[in-house]
Structures are given as structure tokens and as C-alpha cells.
Amino acid sequence: MEKEQLQEFREQLEAMRGEIISDVEQTLTEMVSQHGNIPDPNDRATIESDREFELRLRSRERKLLNKIEAAIGRIDKGIYGICADCEEPIGMKRLQARPVASYCIDCKLEQERR
């Protein structure tokens with residue numbers, strides 16, 4: 001893969017990382033600022049439901065953040081775009097669609113089948 005392409009993927013991954021970190025900071029700020037006693041049980045249930053949903057989203061984003069960090073690490077090591085299983089190049093379209101991909105489509109399909 002050419003250096004320009006690697007740099008584009010690095011920038012895309014770093015932008016994704018920045019977005020996730022920004023979202024987490026915003027969520028923390030909102031959760032800290034939400035305080036007080038809410039006497040209406042329906043309002044309290046709605047707020048708790050929204051908070052639980054937000055925490056589930058952040059949990060998924062944390063997993064994505066780990067994958068982003070791993071992809072940036074692969075760029076640094078010079079192995080980005082190489083399948084972790086068969087060691088063949090991962091298709092450019094797959095990387096464009098999912099820049100954190102560490103498996104080629106064939107190996108990923110086989111992994112999911114198992």
C-alpha cells in the first residue's frame with residue numbers, strides 16, 4: 001500500500017477516534033450535570049432508560065476505539081491492510097468501508113461461519 005493511502009487511512013482512523021472521545025466527554029458532562037430529585041416516576045424512568053441507552057452506546061464505542069487503536073498500531077508496524085489470518089492483502093474496498101478491518105472478507109466470513 002502506498003504511503004499516501006496509509007496516511008489517508010491514518011487520518012480517517014484518528015478522526016474516528018477524536019469523534020468517539022468527544023462523544024464520551026459530552027456524555028460524561030451531561031451525566032454529571034443531570035442531578036436532583038425527580039419526583040415523577042415516569043420522568044425518572046425515562047431519564048434512567050436514556051442514560052442506560054447512552055451507556056450501551058459508549059460501551060460499543062469503547063470496543064470500536066480499541067479496534068481503531070489496533071489499526072493505527074498496524075499502520076505503525078507496517079502491516080496495515082494485511083489479513084491477520086491468511087496474511088494476504090485486504091481488499092481496498094473493504095478497508096474503505098471498514099478501516100478497522102484486520103481480516104480479508106474470506107477469512108472474516110469463515111470466522112463468522114464458525
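Tutor: L109 sits in helix α4, residues 105-113; helices here are DSSP runs of H or I with at least four residues, strands are runs of E with at least two, and both are numbered from the N terminus. With a relative accessibility of 41%, L109 counts as partly exposed; that label covers the range between buried, under 20% relative accessible area, and exposed, over 50%, using a 1.4 Å probe and protein chains only. From L109 to E2 there are 107 residues in sequence and 27 Å in space, C-alpha to C-alpha.

A word on the model itself: it is predicted, with local features needing pLDDT of at least 70 and side-chain atom pairs counting only at pLDDT 80 or more, while totals for chains, interfaces and linings use all residues. Residues are numbered from 1 along each chain as its sequence is written, and side-chain values use heavy atoms, leaving out hydrogens and water.

Now for the wider layout. The protein is divided into domain 1 (1-80) and domain 2 (81-113), with bounds that come from an automatic or database domain assignment. Taken over C-alpha atoms, the domain centres are 23 Å apart. Thirteen residues of domain 1 and ten residues of domain 2 take part in the contact, where contact means heavy atoms within 4.5 Å. Between them the two domains bury about 900 Å², with 63% of that on carbon and sulfur atoms; buried area is the accessible area (1.4 Å probe) that two parts lose on being put together, summed over both. On the domain 1 side, F9, R74 and Y80 supply 46% of the area buried against domain 2, more than any other three residues.

Y80 also turns up in the largest nonpolar core, which has 16 residues and in which L13, I68, Y80 and L95 have the most contacts. Such a core is a set of buried Ala, Val, Leu, Ile, Met, Phe, Trp, Tyr and Cys residues joined through side-chain atoms within 4.5 Å. Two elements give two or more residues to this core, α1 (3-33) and α2 (41-77), and α2 has the largest share with five residues. Each of the two domains, 1-80 and 81-113, provides at least three residues.

Let us follow α2 along its length. This helix has 37 residues and reaches 54 Å from first C-alpha to last, close to the expected 54 Å; the expected span is 1.5 Å times one less than the number of residues. Its buried residues are R58, E61, L65, I68, A71, I72, R74 and I75, and what covers them includes α1. Leaving aside neighbours within four places in sequence, I68 is in contact with L13, M16, R17, I20 and V100. R10, in helix α1, is buried at 18% relative accessible area and touches I72, I75 and D76, again not counting residues up to four places away in sequence. After α2 comes G78, with a positive phi near 85°.

Finally, the cysteines. The structure holds zero disulfides, a disulfide being a pair of cysteine sulfur atoms within 2.5 Å. For C86, the nearest cysteine sulfur is that of C83, 3.7 Å away, and C86 is partly exposed at 33% relative accessibility. For C104, the nearest is that of C107, 3.5 Å away, and C104 is buried, with a relative accessible area of 10%.
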